[in-house]
Amino acid sequence: MTKTGEYSWEGSQVLRRENPKTHYTVRLHFTEGNTDQGIVEEILDILMETYMRNMMAKGGEGLGSGEK
């Protein structure tokens, strides 16, 4: 397992992050032979989808308003 900040690679296809405060573990599984650029694109897609779902669950508060 290779550590990258708080993230670690399990082999070459699984990126893992553990949060000791919340006791949650997140694993991102990537397709075999994926390039670094492909992995970055997949992560960006996951982040955008998660953000949009979170905003929709909150009724769209903050969407396009520039709030943080």
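A residue counts as buried at under 20% relative accessible area, as exposed at over 50% and as partly exposed in between, with a 1.4 Å probe and protein chains only. By that rule, 15% of the 68 residues in the protein are buried. The model is a predicted one, where local features need pLDDT of at least 70, side-chain atom pairs count only at pLDDT 80 or more, and totals for chains, interfaces and linings use all residues. Residues are numbered from 1 along each chain as its sequence is written, and side-chain values use heavy atoms, leaving out hydrogens and water.

Let's walk along the fold. The protein has 1 helix and 4 strands, in the order β-β-β-β-α; these are DSSP runs numbered from the N terminus (helices H or I, at least four residues; strands E, at least two).

Now to the rings, which pair if their centres lie within 6.5 Å, using the six-membered ring for Trp; planes under 30 degrees apart are stacked, over 60 edge-to-face and the rest tilted. The whole structure holds 1 aromatic pair. W9 and F30 have ring centres 5.9 Å apart and planes at 50 degrees, so the pair is tilted. The pair links distant parts of the chain, 21 residues apart, and both W9 and F30 are buried.

| Residue | Location |
|---|---|
| W9 | strand β2 (residues 7–10) |
| F30 | loop between β4 (24–29) and α1 (36–57) |
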